[in-house]
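Me: I am new to this structure and would like to learn how to read it. Could we go through it feature by feature?

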Amino acid sequence: MTQVNDGPMAHTGDLNSDAHMQLVDQYSARNYAPLPVVISRGEGAWVWDVEGHKYLDCLSAYSALNFGHSHPRILDVFIEQARRLTLTSRAFQNDQFGPFCQELTAFCDMDLVLPMNTGAEGVETAIKTARKWGYTVKGVPDGKAQIICFSGNFHGRTTTIVSFSTEEQTKAHFGPYTPGFVVVKYGSLDALRAAITPHTVAVLVEPIQGEGGVVVPPEGYLRGIRELCDEHNVLMIADEIQTGLGRTGRRFAVDHEEVKPDLVILGKALGGGVMPVSAVVGSKEALGVFNPGDHGSTFGGNPLGCAVAREAIRVLVDEKLAERADRVGKAFRDRIRAANCSKIKEVRGKGLLIGIEMTPEAGAAKPYCKQLKGEGVLCKDTVDNVMRIAPPLMIAEADLDWAAERVIKVLS
Ligand code: PXG
């Protein structure tokens with residue numbers, strides 16, 4: 001098994017892992033089937049379960065932990081701000097929100113910010129922005145706006161967002177569905193071109209599909225979307241909730257093709273791994289459509305989240321985490337490919353968003369994730385036959401090498 005904890009085990013009480021899992025079984029809705037590991041402490045790229053076993057976190061809460069667990073600078077800001085002021089609502093102003101907007105727009109090279117909390121709220125906000133822009137700026141007849149999205153998409157769990165999912169389980173029994181979305185094949189510019197009508201207000205795209213199986217679209221695809229959007233007066237919305245903030249080896253995944261969307265949706269890592277903070281960042285033309293009372297959120301723009309997000313962005317820049325992800329991610333992929341593991345069909349991804357697709361003979365990825373847990377590496381299958389490796393961007397190269405060895409061992 002894994003190494004034994006050498007640090008303190010805070011707040012675990014008397015319950016062991018089995019007892020914790022029984023509680024979850026008995027008292028929690030069964031909307032997840034997690035790996036059987038109960039984590040009680042995290043530091044950097046490492047976590048410890050309640051028995052003190054140590055694991056390397058190669059999932060990072062789906063990119064929310066780009067900075068690792070308990071980043072000292074982020075934690076200091078969090079604690080200091082929590083002592084000073086946590087929440088005002090937007091009925092009043094607070095002294096973190098303005099600087100947050102200024103710094104985030106500068107970081108994104110955009111004009112305006114609309115803050116939310118979870119990723120799905122960010123996506124909903126972008127959808128509302130695009131519709132209102134469509135009616136009030138583009139001149140689409142009221143109620144006719146269409147947004148184009150893609151097969152294999154994942155943008156969250158609200159009733160509107162699952163309405164355009166192509167994943168059966170995500171949608172089934174949650175209707176009636178929200179109209180106004182058209183789904184076309186991911187990766188095909190011809191399919192997109194054919195779907196655009198005078199009522200199209202936006203194209204909503206993940207620059208790399210994370211939940212779809214770490215699907216990297218063909219080179220030039222994002223540039224092609226930008227051109228089609230320009231040609232037809234349509235907003236380009238990039239969902240960078242999972243891919244943004246350094247994960248793919250650039251600040252944003254669209255930077256790989258030097259594309260500037262009209263709206264970028266950020267979440268996950270924006271909250272530094274300690275707070276749910278999301279935002280839509282975009283042009284004055286698009287986000288300028290809102291008037292007081294149109295849209296909002298009690299916690300959106302709260303001073304605690306803003307302070308943490310400001311520090312998270314500074315850490316990303318100071319520690320050059322995007323460059324780091326680019327370099328160590330490439331090395332990891334090269335190492336796995338060179339091992340010619342019998343169970344691997346393909347290794348893909350950018351930066352530290354890495355997908356390992358199993359061969360048909362090897363089958364589903366989940367049993368191998370379970371085996372890796374036994375080796376001290378925590379990771380997760382995405383679609384059935386893809387293992388996702390996405391550790392914190394600050395991971396030590398020696399630790400990533402250690403993970404690569406274990407992956408090779410399990411998949412050979
Ligand atoms: N867009 C993308 C690209 C995502 O990966 C969301 C939006 C929604 O974010 P929120 O914060 O609302 O979850 C995601 C989320 C899960 C789960 O447990 C979610 C994601 C990945 C894996 C599992 O629902 N991504």
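**Domains and ligand**

Reply: Start with how the chain is divided. The domain assignment gives domain 1 (27-69 + 320-406) and domain 2 (72-318). Keep in mind that this is a predicted model.

Me: How far apart do the C-alpha centres of domain 1 and domain 2 lie?

Reply: Those centres are 25 Å apart. Contacts tell another part of the story: 29 residues of domain 1 are in contact with 28 residues of domain 2.

Me: How is the size of an interface given?

Reply: Often as the accessible area that is lost when the parts come together. Here domain 1 and domain 2 bury about 2,300 Å² between them, and 57% of that is on carbon and sulfur atoms. On the domain 1 side, Phe 67, Lys 350 and Leu 353 supply 31% of the area buried against domain 2, more than any other three residues.

Me: How many salt bridges and how many residue pairs in polar contact are counted between domain 1 and domain 2?

Reply: A salt bridge is read from a side-chain nitrogen of Lys or Arg within 4 Å of a carboxyl oxygen of Asp or Glu. Between domain 1 and domain 2 the count is two salt bridges. The side chains of Asp 326 and Arg 250 meet in a salt bridge, at 3.5 Å from N to O. Polar contacts between the two domains come to 19 residue pairs.

Me: Now the ligand. Which residues come nearest?

Reply: There are 15 residues around the ligand, and Tyr 32, Ala 120, Asp 239, Gln 242 and Lys 268 come nearest. By class, this shell has five nonpolar, five polar and five charged residues.

Me: How much of the ligand does the protein bury?

Reply: Taken alone, the ligand exposes 540 Å², and the protein buries 85% of that.

Technical notes:
Residues numbered from 1 in each chain as written. Predicted model: local features only at pLDDT ≥ 70, side-chain atom pairs only at ≥ 80, totals over all residues. Heavy atoms only, no water. Near = heavy atom within 4 Å. Areas by Shrake-Rupley, 256 points an atom, 1.4 Å probe, with all protein chains shown as cover. Nonpolar A, V, L, I, M, F, W, Y, C, P; charged D, E, K, R; others polar. Domains from an automatic or database assignment. Contact = heavy atoms within 4.5 Å. Buried area = accessible area lost by both parts, 1.4 Å probe. Polar contact = N/O pair within 3.5 Å; in protein donor to acceptor, adjacent residues only side chain to side chain.
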